[in-house]
Amino acid sequence: TKTIAGVRADRLGAIAEREARRFGAGRKLSAEAMAAGSGAFLYGVPMHWMTDWPMPHLPVVAKAQGARLTDIDGYEIDDFCLGDTGSMFGHSPAPVAKAIRHQARRGLTYMLPTTDALEAGHLLTERFGDFRWQIATTATDANRFALRVARAVTGRPKVLVFNGCYHGTLDDTMVELSGGHTVNRVGLVGQVQDLTLGAVAVEFNDLAAVEAALATGEVAAVLTEPVMTNCCMVLPEAGFLQGLRDLTRRYGSLLIIDETHTLSTGLGGYTGVHGLQPDIFVVGKCVAGGMPTAVWGLSPDVAARFRAYDDARPAGHSGMGTTLSGNPVQFACLRATLAEVMTPANYAKMDKGAARLAAGLSAAIERHKAPWHVVRVGARVEFICAKGPLRNGTEAGAAHQPALEAAIHTALLNRGCLIAPFHNMMLVSPATTKRQIDRLIAAFDEILTDLFE
Ligand code: PMP
């Protein structure tokens, strides 16, 4: 019989059907609310990617607090998805909720700084290092602006990205490798440009390919996550990130580090914990505790080069901006998060809990002799339904098992645990309890028992 990642396909089919039925039977109020209320939306969802959740229909959320969601059917769900990192520090952290309440009566957006903004600037430098900061609302925009600066100061056209990467819906990065060549990504909607004029893709962990691309002299910047987190997780091999730094310096390209997901690593993100030296530092999602905010920072050297460029360019639109960015609510939340939430004590809790979760999942995988593995980057844990370690985006793509993963996600939710929909990712927040972690491990073990025995 056919198997998928070691699981018999017929068994998987039966389990997937049973779990889908169980979900539907237990969530009548959500089903009715969605049926009655979602018709105004394209595909019946406010964001098209909500159709990527694997359950037969979506649970409608009543509230969230800490690491727990409550849906309108009354289920309490242990949330390990945490908004795919936007709520990595827990839902509505108390200092952030307080900052919102305080600012709510003082204006929501007005294109001028507040004292919170000035204090947030100091805190950004304290937490992330000596950069000259700018604010955006999404990490997509922060990467877009970072890339503009890189092209401006180097006068070069291309961004080098790694095959299988994701840096938001930034068109410039929407390329992939096909037969050894960079091409527009296959599924892109409505793209009429040849993106390869401004981008080149190579495999992660392949310094020879990076060097060959940089040697063309066309690359303004390498844009990368320190760990590839948007496919099945791929860790950098020893020396790879240092090699990137050395090569970009040698060939005059900038190094942009996107910490949006790897902020899970610890204080200062992967950059802070491992002493990386990016030319441009980007982080979004949870940096203001869940209030839509992203930041990008230029090293003093790049800031000086950009200043010279900016002074010399003709007057006119810069192509950088967005009106709602840098509003006082963002700054209130950014300040509160940096000062009171993104603390060594909270990171210590997250790390300890994530280590417990990774060990528990690994033990279950071993017990059931599943040909799978677990990867962890600080608070971020992922099980991968293939043997590891994975070395690059091509291997990560091959490791992804959509049908199997969908069944596991629904089965976990039926046992009270929500994990991230686009991959098998679980985050441990400062609010996540040992009991919640142990419940997830037990649910995972129970599902593996079904799948493998
Ligand atoms: N960078 C990375 C590494 C990401 O994972 C994401 C989103 N998953 C983004 C940027 C874009 O973030 P946003 O959707 O908030 O624009």
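Predicted model: local features only at pLDDT ≥ 70, side-chain atom pairs only at ≥ 80, totals over all residues.
The protein chain is divided into two parts, domain 1 (3–7 + 17–89 + 344–452) and domain 2 (94–341). The centres of domain 1 and domain 2, taken over C-alpha atoms, are separated by 27 Å. Contacts between the domains involve 29 residues of domain 1 and 29 residues of domain 2. On the side of domain 1 that touches domain 2, two or more residues are contributed by each of helix 11 (344–367), strand 15 (373–377), strand 16 (380–384) and helix 12 (393–399). Helix 12 gives the most to this side of domain 1, with 5 residues. By class, the side of domain 1 that touches domain 2 has 13 nonpolar and 12 polar residues, together with 4 that are charged.

Of its 5 residues, 5 are buried, so strand 15 is largely enclosed by the rest of the structure. In a regular strand, side chains alternate between the two faces of the sheet. For strand 15, both faces are covered: H373, V375 and V377 lie on one side, V374 and R376 lie on the other, and all are buried. Strand 15 runs antiparallel to strand 16, to which it is joined by 5 bridges. Within this pairing, V374 has F383 in strand 16 as its bridge partner. The hairpin of strand 15 and strand 16 has 2 residues between the strands, and G378 adopts a positive phi near 60° there.

Helix 10 (residues 328–341) was considered in terms of its length and its burial. At 1.5 Å a residue, the 14 residues of helix 10 should span 20 Å; the C-alpha atoms at its ends are 18 Å apart, which agrees with that expectation. The criterion for burial is that 20 or more other C-beta atoms lie within 10 Å of the residue's own. Because 12 of its 14 residues are buried, helix 10 is largely enclosed by the rest of the structure. The buried residues of helix 10 are P328, V329, Q330, F331, A332, C333, L334, R335, A336, T337, L338 and V341. The elements that cover these residues include helix 3 (94–104), helix 4 (115–128), strand 6 (132–136) and helix 11.

Helix 4 also contains T125. This residue counts as partly exposed because T125 has 14 C-beta neighbours inside 10 Å. When neighbours within four places in sequence are left aside, T125 is in contact with D130 and F131. T125 and G378 are 253 residues apart along the chain, and their C-alpha atoms are separated by 22 Å.

Strand 4 (residues 68–71) pairs with two strands, strand 3 and strand 5. Its covered face carries L69 and D71, whereas R68 and T70 lie on the uncovered face. Strand 3 (residues 61–65) pairs with strand 4 in the antiparallel sense over 4 bridges, and Q65 has R68 in strand 4 as its bridge partner. In the hairpin of strand 3 and strand 4, with 2 residues between the strands, G66 takes a positive phi near 65°. The pairing of strand 4 with strand 5 (residues 76–79) is likewise antiparallel, over 3 bridges. Here R68 stands opposite D78 in strand 5. The hairpin formed by strand 4 and strand 5 has 4 residues between the strands, and G74 in the turn has a positive phi of about 95°.

A further antiparallel pairing joins strand 8 (residues 175–178) to strand 9 (residues 181–184) through 4 bridges. In this pairing, L177 stands opposite T182 in strand 9. The hairpin of strand 8 and strand 9 has 2 residues between the strands, and G179 takes a positive phi near 55°.

Definitions and conventions
Residues numbered from 1 in each chain as written. Domains from an automatic or database assignment. Contact = placed C-beta atoms within 7 Å. Nonpolar A, V, L, I, M, F, W, Y, C, P; charged D, E, K, R; others polar. Expected span 1.5 Å × (residues − 1). Pairing = 2+ DSSP bridges.
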